[in-house]
Amino acid sequence: MRRVPLIPTLVVVTAVAAMIALGLWQLLDRAPKKEAYLAQLAANPAKPPIAFPATPDDRLLFRRTTATCARPLGQRLAGAGAAGFRLIADCGNGLVVQLGTTPDPMFKSRWSGGAVSGYISHAPDGRSLIGSLFDHSPQRLLLVADAPPLGLAANGKPDLSSVPNNHLSYAVQWFFFAAIAAVIYVLALRRRVAA
């Protein structure tokens, strides 16, 4: 009978322990924090309106807000899934307003600004997935207007399901990877012993 190899066994045991630790971290730390965050976001629409924040703060998502867009610096269409396109106006000073939606990719708005009320959401983010791994700057906020200008359909209501909550599935994945690594190594050891 051959002896169990020390170095490979230590490597596999360390890797399995690390995967289990990552699973526990997702399950016992990240998941409860995300649940608390989601509870806060769920309560935000019922809170009193605030002025649109000058700096990004994700704790304010779905909070009612008001602002004045004195004169839009630019307006553009961005994808909006089944709704077609959403019209977004850049008002300067960090204020970005989603005015409404349209199925027309050539829609031209004549909105000239004014008082806007609605709720706080994330502005479209042009960073790639890989770019977001290295760029940790907070995502810009956006005021989603309640009442659309003429020619646009109303924006949707705040949707809590748009905030991902994958920590339980991440934990299960880490535990699964740990189990697979352990089973593969045990099978490899049995094969080695049998040889």
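The following legends describe views of a predicted model.

**Figure 1. Overall fold and dimensions of the protein.** The predicted model contains three helices and seven strands. Read from the N terminus, these elements follow the order α-β-β-β-β-β-β-α-β-α. The C-alpha trace extends over about 85 × 35 × 25 Å along its principal axes. The radius of gyration is 25 Å, whereas a compact globule of 195 residues would have a value near 16 Å. Of the contacts between residues at least 6 apart in sequence, 60% connect residues at least 24 apart.

Figure 2. Buried residues represent 31% of the 195 residues.

**Figure 3. Close-up of the aromatic pair Phe-62 and Tyr-119.** Three aromatic pairs are found in the whole structure. In the pair of Phe-62 and Tyr-119, the ring centres are 6.5 Å apart and the planes meet at 50°, so the pair is classed as tilted. Phe-62 lies in the loop between β1 (50-51) and β2 (64-69), while Tyr-119 belongs to strand β6 (residues 114-122); the two are 57 residues apart, and their pairing links distant parts of the chain. Both Phe-62 and Tyr-119 are buried.

**Figure 4. Close-up of the aromatic cluster of Trp-174, Phe-176 and Phe-177.** Ring pairs join these three residues, Trp-174, Phe-176 and Phe-177, into a cluster. Within it, Phe-176 and Phe-177 form a tilted pair, with 6.4 Å from centre to centre and 55° between the planes. Phe-177 has a relative accessible area of 39% and is therefore partly exposed.

Definitions and conventions:
Residues are numbered from 1 along each chain as its sequence is written. This is a predicted model: local features need pLDDT of at least 70, side-chain atom pairs count only at pLDDT 80 or more; totals for chains, interfaces and linings use all residues. Side-chain values use heavy atoms; hydrogens and water are left out. Helices (H or I, at least four residues) and strands (E, at least two) are DSSP runs, numbered from the N terminus. The radius of gyration is taken over C-alpha atoms; the globule rule is 2.2 Å times the number of residues to the power 0.38. Buried means under 20% relative accessible area, exposed over 50%, partly exposed in between (1.4 Å probe, protein chains only). Contact means heavy atoms within 4.5 Å. Rings of Phe, Tyr and Trp (its six-membered ring) pair if their centres lie within 6.5 Å; planes under 30 degrees apart count as stacked, over 60 as edge-to-face and the rest as tilted.
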